[in-house]
Amino acid sequence: MEVVITDAAGALAADTIEALVRARPDAVLGLATGSSPLPIYQELIARHRAGTGPSYDAVRCFTLDEYVGLPAGHPESYRETILRELTDDLGIARERVQSPDPTPDGLPTAGARYEAAIEAAGGVDLQVLGIGSDGHLAFNEPGSSLASATRMKTLTAQTREDNARFFDSVDDVPHHVLTQGLGTILRAGHLVMIASGPGKAAAVAAAVEGPVSATCPASVLQLHPHATVLLDDAAASGL
Ligand code: GLP
């Protein structure tokens with residue numbers, strides 16, 4: 001695992017993503033939502049607008065996870081979020097951005113269909129990741145199987161509180177989600193995890209220096225042959 005402590009994480013990750021897309025215009029990107037990846041996305045958009053970025057026309061994208069139970073098109077659904085915060089601005093056609101299907105009819109088969117779609121695309125080349133304050137990865141809460149596939153999960157009270165800032169109140173945060181599994185994430189070619197702020201320090205320390213354990217799902221990064229962890233000073237303060 002490569003750990004980089006930097007105040008330029010967004011630019012560094014953007015360099016890596018751009019290099020991949022230049023080398024492979026039809027690259028498959030795995031995209032995380034949340035606050036952590038925003039510096040990466042803002043950097044990619046700024047460069048694209050400045051005309052210095054690659055063409056993203058042939059890129060395909062898969063989101064990491066999705067809420068279950070939000071009305072279709074809800075602005076805080078992760079599909080709407082990633083369209084708004086990244087892919088629309090990069091000019092990536094919406095049909096090239098896939099996310100797990102949280103509709104009542106689709107739910108029973110959503111996990112298997114998502115796994116099949118990722119496989120049919122040739123797998124994720126580069127997966128952007130954040131980390132939850134409890135060490136969760138995507139929505140794989142502590143206790144998740146390290147070999148898990150895309151499936152429905154129940155959020156912990158801590159994660160619902162952490163994500164309440166995106167909703168009117170914590171009561172509006174869904175209890176259930178669909179998430180890529182830890183096994184799914186481990187199959188991506190390159191994992192790029194970004195974390196900032198003191199609230200992530202303990203989770204980062206457990207993920208990077210603790211035992212590989214379902215107690216800290218993000219510790220699976222230690223099992224991956226090509227994982228990059230980008231931290232600011234505060235997020236690295238527990239190392
Ligand atoms: C959310 C998402 C994760 C994200 C994490 C951290 O619940 N499901 O994919 O990485 O929590 O979020 P943030 O970056 O906003 O701190």
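**A close look at Val208**

Modeller: Let's start with Val208, which sits in helix 7, the stretch covering residues 201-209. Keep in mind that this is a predicted model. Val208 has 23 C-beta neighbours inside 10 Å, and since 20 or more is the cut-off, it counts as buried. Leaving aside residues up to four places away in sequence, Val208 touches Met1, Val3, Val229 and Leu239. Pro100 is another story: 108 residues separate Val208 and Pro100 along the chain, and their C-alpha atoms are 28 Å apart.

On to a pair of helices. Helix 1 (residues 9-23) packs with helix 2 (residues 38-50) at an angle of about 60°, and their axes are 8 Å apart. Helix 1 brings Ala9, Gly10, Ala11, Ala13, Ala14 and Ile17 to the contact, while helix 2 supplies Pro39, Ile40, Gln42, Glu43, Leu44 and Arg47. Sort the residues of that contact by type and you get 8 nonpolar, 2 polar and 2 charged.

Then there's the ligand. It is surrounded by 14 residues, and the closest are Gly34, Ser35, Ser36, Gly130 and Gly132. By type, the shell around the ligand splits into 8 polar, 5 nonpolar and 1 charged.

Note on methods. Residues numbered from 1 in each chain as written. Predicted model: local features only at pLDDT ≥ 70, side-chain atom pairs only at ≥ 80, totals over all residues. Near = placed C-beta within 6 Å. Nonpolar A, V, L, I, M, F, W, Y, C, P; charged D, E, K, R; others polar. Axes fitted to C-alpha atoms, helices over the stretch in contact; angles between N-to-C directions. Helix = DSSP H or I, 4+ residues; strand = E, 2+ residues; numbered from the N terminus. Contact = placed C-beta atoms within 7 Å. Buried ≥ 20, exposed ≤ 12 C-beta atoms within 10 Å, placed from the backbone.
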